[in-house]
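Hello,

Here is the structure you are taking over. Have a look at it, then read the notes below.

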Amino acid sequence: MRFRPPRSHRHRRVPAVRPGSSRVRPWRARNFPHPTLVAAALLALVSCSGDATAPVEAPPDPELPPIPSEATAWIEANFHAFEGSHLSLPHSDLGFLRGIVGDARVVSLGENTHGTRDFFEMKARVLRFLAEEMGFTAFAIEATWPEARRLDHYVRTGEGDAAELLSGLYFWTWNTESVLEMIEWMRDHNEAGGDVGFHGFDMQYPGMALHNVREYFAAVDSAQARTVATRLDCLGRFANDPSGRFPSPRYSSQPATYRTDCGASLHGVQETLRDGRETYEAASGEKAFAVALQSMRVAIQYHLMITGEQSRDESMAENTVWIDRQLGPDTRMVLWAHNFHVSAQPGAQGLFLRRAYGDAMVIVGFSHEAGTFTAVLQRGSSYLGLTEHILGAPLPLSYEHYLSTPAAPRYVVDLRSRDTSSAGATWLAGPRSFRSIGCCYDPGLSHRYWSRPPLPEWYDVVVHYASTRPTTVLPSRYPTSF
């Protein structure tokens with residue numbers, strides 16, 4: 001189909017963030033995630049507001065040793081260059097994706113920072129190619145499941161305000177010009193006869209999930225509704241409101257005995273739903289019952305994350321599989337999350353999904369050498385506002401250093417067909433340094449944003465850029481109710 005400019009751009013102009021700009025968005029400390037989460041998972045959750053902060057100076061570049069010529073030759077013999085990242089571009093230069101994706105049912109797309117525009121645009125472009133050329137019908141992002149259902153309704157019907165519903169995912173990381181463009185493309189695609197849905201697999205905000213359960217019982221079992229509301233209140237009083245704000249103190253601050261009793265109460269409501277399934281499905285239909293039961297599960301997952309009984313990544317994988325099963329065996333799905341979450345490293349969502357899907361899933365990591373990115377400026381334990389940062393040069397002998405090549409400014413390389421015994425590919429086995437930045441960045445501690453993965457064990461494919469740009473974060477306009 002012919003790409004049309006997104007509706008949001010037909011009605012208003014969104015100012016871009018320019019390199020060197022001091023424009024920032026304030027950070028709200030009340031939405032910072034609980035410190036017991038692993039660091040990489042934490043980085044998706046910070047909301048921003050506060051005083052303006054000047055862009056940081058670029059750190060001095062390290063002395064980079066020359067890359068062995070056989071390694072450069074291997075990359076240039078195996079990469080697939082592409083023209084650009086924006087989803088409006090034609091598909092002609094992405095034909096190689098057919099061979100990379102093959103018959104896979106799930107394609108997981110990562111990002112090395114939560115604030116890189118080129119990554120976001122390319123992920124949207126890949127989604128468009130897979131939907132239009134390879135029959136993919138589902139998209140799921142690292143955002144809370146109940147709220148994402150409103151955007152699914154939008155892309156299928158056009159009802160609602162896309163920008164407001166995007167804000168209603170609570171993440172500044174996704175509340176960007178690039179993601180809004182993708183949502184408007186999804187709407188245009190469906191309006192023209194396509195079929196692609198919008199889903200979320202995260203579970204860090206229990207407010208709407210609890211609201212869904214209360215509303216369901218009020219509709220199908222009024223005799224139980226008050227009892228259920230009372231049993232949910234142990235978590236509900238600490239849940240977020242429609243703008244994502246949590247009250248203080250938080251659920252995590254409550255005594256362990258309180259949380260244990262609350263967990264039992266939440267599981268009790270879940271059992272009430274399951275025990276009454278036949279009656280409830282007769283009253284509401286199977287789909288409405290499934291939504292209520294999954295809403296209850298998401299609320300329980302939040303409780304389990306706080307108590308440490310189940311990790312966020314395990315819950316996100318559980319929800320992804322649930323979405324897939326609800327959509328049916330012919331579903332082909334594109335996932336969007338941070339490189340950490342999509343990877344097959346221990347503890348990550350990607351490893352849980354790899355166990356579920358095996359070779360029917362393709363894991364795609366994103367990397368870059370230089371440029372700018374959006375992140376919350378962090379100085380020690382202080383968070384000073386959302387701004388642009390300059391990406392430091394790759395560490396010597398890091399994966400990014402090896403992936404740098406003058407032959408193409410951007411390219412895709414499939415790591416699965418490598419022969420690591422060959423002279424040109426031995427460097428791939430690693431482990432080597434690989435950059436990982438989430439929502440927050442302390443330029444004085446840039447060495448902390450590198451890990452040492454065995455890249456081909458954690459990712460199947462890498463999309464690499466010589467230089468990238470920052471995301472453009474949109475003003476927040478939250479829905480007024482669940």
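This is a predicted model: local features need pLDDT of at least 70, side-chain atom pairs count only at pLDDT 80 or more; totals for chains, interfaces and linings use all residues.

Which strands pair with S12? Strand S6 (residues 361-379) is one partner. S6 and S12 run parallel and are joined by seven bridges. Within that pairing, Gly371 stands opposite Thr468 in S12. Strand S8 (residues 410-414) is another partner. S8 and S12 pair in the antiparallel sense, over five bridges. Here Asp414 stands opposite Val461 in S12.

**The protein as a whole**

Now the wider picture. The protein has 18 helices and 12 strands. Of its 482 residues, 60% are buried. Take the contacts between residues at least 6 apart in sequence: 78% of them join residues at least 24 apart.

**Helices H14 and H16**

Next, a helix pair. Helix H14 covers residues 312-327, and helix H16 covers residues 349-357. Their axes come within 8 Å and cross at roughly 40 degrees. The crossing of H14 past H16 is right-handed.

Which residues make the contact? From H14 come Asp313, Glu314, Met316, Ala317, Thr320, Val321 and Asp324. From H16 come Gln349, Phe352, Leu353, Ala356 and Tyr357. Sorted by class, the contact holds seven nonpolar, two polar and three charged residues.

Ser108 sits in strand S2 (residues 106-109). Is Ser108 buried or exposed? The cut-off for buried is under 20% relative accessible area. Ser108 has 2% relative accessibility, so this residue counts as buried.

What does Ser108 touch? Leave aside residues up to four places away in sequence, and the list is Leu335, Val342, Met361, Val362, Ile363 and Val364. Met361, Val362, Ile363 and Val364 are among the residues touched by Ser108, and strand S6 spans residues 361-379. S6 is the strand that runs parallel to S12.

**Where to start**

Then go to S6 and the seven bridges that join it to S12. From there, turn to Ser108 and its contacts, including Met361. Finish with the right-handed crossing of H14 and H16.

Best wishes

Terms used:
Residues are numbered from 1 along each chain as its sequence is written. Side-chain values use heavy atoms; hydrogens and water are left out. Axes are lines fitted to C-alpha atoms, for helices over the stretch in contact, and angles run from 0 to 180 degrees between N-to-C directions. Helices (H or I, at least four residues) and strands (E, at least two) are DSSP runs, numbered from the N terminus. A crossing is left-handed if the near helix is turned anticlockwise from the far one by less than a right angle, and right-handed if clockwise. Contact means heavy atoms within 4.5 Å. Ala, Val, Leu, Ile, Met, Phe, Trp, Tyr, Cys and Pro count as nonpolar, Asp, Glu, Lys and Arg as charged, and the others, Gly among them, as polar. Two strands pair if DSSP finds at least two bridges between them. Buried means under 20% relative accessible area, exposed over 50%, partly exposed in between (1.4 Å probe, protein chains only).
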